[in-house]
Amino acid sequence: MGIQGLSKVIGDYAPSAVKENEIKNFFGRKVAIDASMCIYQFLIAVRQEGNMLTNADGETTSHLMGIFYRTLRMIDHGIKPVYVFDGKPPDMKSGELSKRAGRREEAQKALEKAEEAGEAENVEKFSKRLVKVTKEHNEECKQLLGLMGIPFVEAPCEAEAQCASLVKGGHVYATGTEDMDALTFGSTVLLRHLTFSEARKMPIKEFSLEKVLAGLELSYEEFIDLCILLGCDYCDSIRGIGPKRAVDLIKQHRSIEAVLKNIDTKKYTIPEDWPFEQARELFKQPDVLKDSEVELKWTEPKEEELIKFMVEEKGFNEDRIRNGCKKLQKARHGSTQGRLDSFFKVTSTTSTKRKSTEGTKGGATKKKAKGGFKRGR
């Protein structure tokens, strides 16, 4: 879900924080991609006769097609993607996951009725609502990325939080996801529509956290409280408080504690045992890999192993996969001019690393990122 209505709030209060760009404008940038969100998009979009794309053995291949060709598309435009996979969801997300399970049950019932009535349009609609990214989807995509020589990171918890950490640590330029809570986790730049903009003829939207805070006239801590009031994955919102009222209350009172002291609790229903403090702490101190635990390197594509996996096992066209390998090799060995702004960027040493480790949870399980390219943005 992310943060309810945050995109519209930013559009209303901080329009200068959003720029629309073509994909070519991100030449030379490294971007952390929310893998689960990306895979979900492909499972929804890459379909055949209303169903997910499958091979001759009936195995779903929509996610592999999407990851392979969209990765090549980004590389063609000079973007270096790093895919970040979700780990174990935080305990606070159990309520949201329960709601999603309930919605899936409702969609399943509606699908069965639509099938009985022969309503093709509704069958398609409710089928999409039942799509879920599985562990198998993730593992197959990790295998594909490894064979392509593309880096990926296995987050200990939320992918958006890990993406934001990679941005803050200087490993990448931006987070690529549709979930706005990457900003709440502190990603300084968020790119929406990156993985499907060309297919849907949509511009890529670039959000600047610095300009969001300036436009809203809020500190980062106040912005987190606003996001909790708007509605997040970790706790319910206050019934009766919509986006405009939430902005007004935070701008006036500057914290949720102060808001609670000054609102009419008869008019606005506060959830019982409302864990907003824990949600705030989760946004400020998420469970992510430490900066020292992240290593990103590009490797050569393993062409023959890739052919075996994608062609022999998954039924893809061999010529297309080999052509894709050529693009990967060209991108790795081609001598391309770097971004002009990189020549004028001031960098620091110990202070940058120290800042990048702030906000990380000390007890995160140590995992190394796999695949990839050298550190930088």
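View 1. At 39% relative accessibility, lysine 327 counts as partly exposed, a class between buried (under 20% relative accessible area) and exposed (over 50%), using a 1.4 Å probe and protein chains only. Aspartate 76, at 47%, is partly exposed too. The two form a salt bridge, with their closest N and O atoms 3.5 Å apart; the term means a side-chain nitrogen of Lys or Arg within 4 Å of a carboxyl oxygen of Asp or Glu. Aspartate 76 sits in helix α3 and lysine 327 in helix α15, 251 residues apart. Helices (H or I, at least four residues) and strands (E, at least two) are DSSP runs, numbered from the N terminus.

This is a predicted model, where local features need pLDDT of at least 70 and side-chain atom pairs count only at pLDDT 80 or more, while totals for chains, interfaces and linings use all residues. Residues are numbered from 1 along each chain as its sequence is written, and side-chain values use heavy atoms, leaving out hydrogens and water.

**View 2. Glutamate 140 with lysine 314.** Here the side chains meet in a salt bridge of 2.8 Å, N to O. Glutamate 140 belongs to helix α6 and lysine 314 to the loop between α14 and α15, so the pair ties together parts 174 residues apart in sequence. Both residues are buried.

**View 3. Strand β8 and arginine 192.** From β8 (residues 189-192), Val189 and Leu191 point one way, Leu190 and Arg192 the other, and all are buried. Arginine 192 also forms a salt bridge with glutamate 178, the closest N and O atoms being 3.9 Å apart.
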